[in-house]
Structure formats: structure tokens, C-alpha cells
Amino acid sequence: MHQWTTHSPEETMSFSEQMAVYLQPGDVLTLSGDLGAGKTIFTKGLAKGLGIREMVNSPTFTIVKEYHSGRLPLYHMDVYRISDDEDIGLEDYFEQDGVTVVEWAENIPSWLPDDVLSVVIERVNDHERIITCTANGSRSERINEEISKHERTSH
């Protein structure tokens with residue numbers, strides 16, 4: 001587990017933009033946080049880091065939004081309204097050639113692959129956020145270590 005504090009939406013976006021550098025096809029990130037914590041800001045930074053040119057916004061009413069203009073596709077899911085009992089084929093995205101970000105992943109634990117990077121964003125105040133990344137496998141551990149190394153050397 002690694003933890004970082006950001007002091008503005010721009011810092012949160014910059015953090016996730018840098019994380020995107022280390023992402024590879026098939027990587028899955030789960031994204032948790034209260035309403036207004038910065039999940040969409042975080043995803044926008046990932047998209048920017050992947051070189052995606054489309055406007056990124058929350059997929060709340062569409063479940064999945066796909067972005068294909070970057071070095072890797074980005075699949076952004078919001079499974080708030082889905083339960084583990086339903087099978088609508090979302091797990092097929094985990095085996096695709098892109099990066100998948102899943103908001104509200106706690107609703108579909110049995111669908112998730114074994115190796116995911118869990119990202120929790122906690123709202124401290126209007127600007128400050130605590131970002132906690134927990135690896136659940138060797139690939140996600142590598143991402144966590146790379147971003148941690150970068151953060152230590154970039155200050």
C-alpha cells in the first residue's frame with residue numbers, strides 16, 4: 001500500500017497522468033471515493049497520460065465509456081447500479097488491449113480479475129485529497145512501485 005496527498009484538482013490530475021505512463025494493456029484499476037472525492041478528475045488525468053484526446057466524463061448513466069485515441073484504449077466503468085448477480089459481460093473488458101478503470105468495483109467483486117490496483121481517494125477538504133493505492137497482484141505491485149519511485153525522485 002502506498003499513499004499520497006494532493007493539494008488541488010490539478011495535482012490529483014497530474015498524479016494520475018504520471019501513473020498512466022506505467023500502465024500496460026490489460027491493467028485494471030478500481031477507483032473508490034465518496035461523491036466529489038475526485039474520481040472523474042483522477043480518470044481525466046489517466047486519460048491525458050494515455051494521450052486520449054476525447055472529453056472524459058463520468059459514465060454514470062451509460063455504465064461504460066470507451067476512449068480509443070491514446071496509446072492504449074481506456075475503458076471507464078461506473079458499476080454503481082450493477083450487482084454481482086447480474087452478468088452483462090463487463091468482465092470481457094478486462095481481457096482487452098486497454099486499461100480499465102472501474103468505479104464502485106465493490107459491487108462486482110466476483111467479476112474482477114485477481115490482479116487489480118485499488119485506488120481510494122479520500123476528500124480531506126475542498127482541495128486536499130489522500131490517494132491510497134493497494135496492489136492485489138504482481139502487475140499492480142509493479143505499477144505501485146513505479147509511481148512511488150517517480151514521486152520520490154520528482155520532488
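Here are some friendly notes on this structure, which is a predicted model.

1. **The overall layout.** The protein chain has three helices and seven strands. If you walk along the sequence, they come in the pattern β-α-β-α-β-β-β-β-β-α.

2. **How the chain is packed.** For 155 residues, a compact globule would have a radius of gyration near 15 Å, and the protein chain, at 14 Å, agrees with that. Along the principal axes, the C-alpha atoms fill a box of roughly 45 × 30 × 30 Å. Of the 155 residues, 46% are buried. Now take the contacts with a separation of 6 or more: residues 24 or more positions apart account for 61% of them.

3. **The surface and the charges.** The protein chain exposes about 7800 Å², and carbon and sulfur atoms supply 49% of that area. As for charge, there are 13 positive and 27 negative side chains. The centres of these two sets lie 8 Å apart.

4. **Helix α2 and its neighbours.** Helix α2 covers residues 39-49, and its buried residues are K39, F42, T43, G45, L46 and A47. What do the buried residues of α2 pack against? Their partners are α1, β2 (28-32), β4, β5, β6 and β7 (129-135). After α2 comes G51, which has a positive phi near 85°.

5. **S16, on the α1 side.** Helix α1 is where you will find S16. Its relative accessibility is 0%, so S16 counts as buried. Setting aside neighbours within four places in sequence, S16 is in contact with I41, F42, G45 and L46.

6. **A second pair, Y80 and W104.** Here the ring centres are 4.8 Å apart and the planes stand at 65°, so the pair of Y80 and W104 is edge-to-face. Y80 sits in the loop between β4 (74-78) and β5 (99-103), while W104 sits in the loop between β5 and β6 (117-123), so the pair ties together parts that are 24 residues apart in sequence. Y80 has 48% relative accessibility and counts as partly exposed. W104, at 26%, also counts as partly exposed. One more detail to check is the backbone: W104 has a positive phi of about 65° although it is not a glycine.

7. **L112, in a loop.** L112 lies in the loop between β5 and β6. Is L112 buried or exposed? With 18% relative accessibility, L112 counts as buried, because buried means under 20%. Not counting residues up to four places away in sequence, L112 touches T30, F94 and A105. L112 and F94 are 18 residues apart in sequence, and their C-alpha atoms are 7.9 Å apart in space.

8. **E122, in a strand.** E122 belongs to strand β6. With a relative accessible area of 40%, E122 is partly exposed. Which residues does E122 touch, not counting those up to four places away in sequence? They are E128, R129, I130 and T132.

Terms used
Residues numbered from 1 in each chain as written. Predicted model: local features only at pLDDT ≥ 70, side-chain atom pairs only at ≥ 80, totals over all residues. Heavy atoms only, no water. Phe/Tyr/Trp six-rings, centres within 6.5 Å; stacked < 30°, edge-to-face > 60°. Helix = DSSP H or I, 4+ residues; strand = E, 2+ residues; numbered from the N terminus. Buried < 20%, exposed > 50% of the residue type's maximum accessible area, 1.4 Å probe, protein only. Rg over C-alpha atoms; globule rule 2.2 N^0.38 Å. Contact = heavy atoms within 4.5 Å. Areas by Shrake-Rupley, 256 points an atom, 1.4 Å probe, with all protein chains shown as cover. Lys, Arg positive; Asp, Glu negative; His and termini not counted. Charge placed at Lys NZ, Arg CZ, Asp CG, Glu CD.
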